[in-house]
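Student: I have a structure to go through with you. Let me put it up, then I'll ask about it bit by bit.

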Amino acid sequence: LDQVLDFGANYTVKAQIVSEHGEKSNPIEFQFATIPLEEERVWVEVILGTEQKVVVYKGKKVIKTMLCSGGTPDEPTILGTYYIQDRGTEFFSQKYKEGATYWIRFQGNYLFHSVPRDENWVIKKEEEDKIGTPASHGCIRLVESDAKWLYENIPQNTMVIIHE
């Protein structure tokens, strides 16, 4: 199935399994519905494709698009649907010897946050230059102004959909 699904729609899927030897199972059919999307609902889409970006919607209307950096192949960003949890203005990781500002947690140790800063709290220019390409340890990195905007404008429990 390679189809973009719409909110609040009903779908029927017909499937048949074929073994490596060409043997076919009995066809199966099932239905499912996607959740409806209220016009006023704010939600976030993270696209980790060739161009990596964060798109913020109100209903189906785009209200902001930002370039981002997701995880590298060695430390990928998790894909799926999550909900905004807690947030803070800054953190520093002893493990990575870098920190960031305007963090928002969407799952476990996975965050939206600004471009990393070094031990002297200076933005790492070489990391900032990677925005739009895979570069993080799994988090979603944004330039400082976009991280601040997201921090200030995205409420708790906002739905976040992350895909390639």
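Student: Where does Y102 lie?
Tutor: Y102 lies in strand β8. Strands here are DSSP E runs of at least two residues, helices are H or I runs of at least four, and both are numbered from the N terminus.

Student: What is phi of Y102?
Tutor: Near 50 degrees, a positive value in a residue other than glycine. K97 also has a positive phi, about 55 degrees, and is not a glycine.

Student: Where does K97 lie?
Tutor: In the loop between β7 and β8. K97 is partly exposed, at 40% relative accessible area. Buried means under 20%, exposed over 50%, and partly exposed in between, with a 1.4 Å probe and protein chains only.

Student: Some ground rules before we go on, please.
Tutor: This is a predicted model, with residues numbered from 1 along each chain as its sequence is written. Local features need pLDDT of at least 70 and side-chain atom pairs 80 or more, while totals for chains, interfaces and linings use all residues; side-chain values use heavy atoms, without hydrogens and water.

Student: Sheet next. What is the strand order?
Tutor: β5-β4-β3-β11-β6, in an open sheet of 5 strands with mixed pairing. Two strands pair if DSSP finds at least two bridges between them.

Student: Which strands stand at the edges?
Tutor: β5 and β6 (80-83). Each has a single partner strand, so one side of each lacks a neighbour in the sheet. From one strand to the next, the twist averages 20 degrees. Angles run from 0 to 180 degrees between N-to-C directions, and axes are lines fitted to C-alpha atoms, for helices over the stretch in contact.

Student: How many bridges join β6 to β11?
Tutor: 4, and the two strands run antiparallel. T81 has I161 of β11 as its bridge partner.

Student: And what packs on the sheet?
Tutor: Helix α2, which touches β4 and β5. The direction of α2 makes about 140 degrees with that of β5. Contact means heavy atoms within 4.5 Å.

Student: Which residues of α2 are buried?
Tutor: D146, A147 and L150, in a helix that spans residues 144-153. They sit on the same side of α2 because they cover an arc of only 100 degrees around the axis. That arc is taken from the directions from the helix axis to the C-beta atoms. S145 and E152, on the other side of α2, are exposed.

Student: What covers the buried residues of α2?
Tutor: Several strands, including β4 (52-58), β5 (61-67) and β10 (140-142).

Student: Back to β4. Why is it largely enclosed?
Tutor: Because 5 of its 7 residues are buried. β4 pairs with β3 in the antiparallel sense over 7 bridges. There, E45 has V55 as its bridge partner. The β3-β4 hairpin has 3 residues between the strands.

Student: What about the hairpin of β4 and β5?
Tutor: It has 2 residues between the strands. G59 in the turn has a positive phi of about 65 degrees. β4 and β5 run antiparallel, joined by 6 bridges. Y57 is the bridge partner of V62 in β5.

Student: Which residues have the most contacts inside the largest nonpolar core?
Tutor: V44, V46, V54, F112, I140, L142 and L150, in a core of 20 residues. A nonpolar core is a set of buried Ala, Val, Leu, Ile, Met, Phe, Trp, Tyr and Cys residues joined through side-chain atoms within 4.5 Å. Elements that give two or more residues to this core are β3 (42-48), β4, β8, β10, α2 and β11 (159-163). A second, separate core has 6 residues, among them L37, I47, Y57 and M159.

Student: Aromatics now. How many aromatic pairs are there?
Tutor: 7 in the whole structure. Rings of Phe, Tyr and Trp (its six-membered ring) pair if their centres lie within 6.5 Å; planes under 30 degrees apart count as stacked, over 60 as edge-to-face, and the rest as tilted. F106 and Y110 make a tilted pair, 6.3 Å centre to centre with 35 degrees between the planes.

Student: Is F106 buried or exposed?
Tutor: Buried, at 0% relative accessibility. Y110 is partly exposed at 26%. Y82, F106, Y110 and F112 form one aromatic cluster.

Student: Last one. What does P134 touch?
Tutor: Q52, G70, G71 and T72, leaving out residues up to four places away in sequence. P134 is in the loop between α1 (125-128) and β10. It is partly exposed, at 41% relative accessibility.
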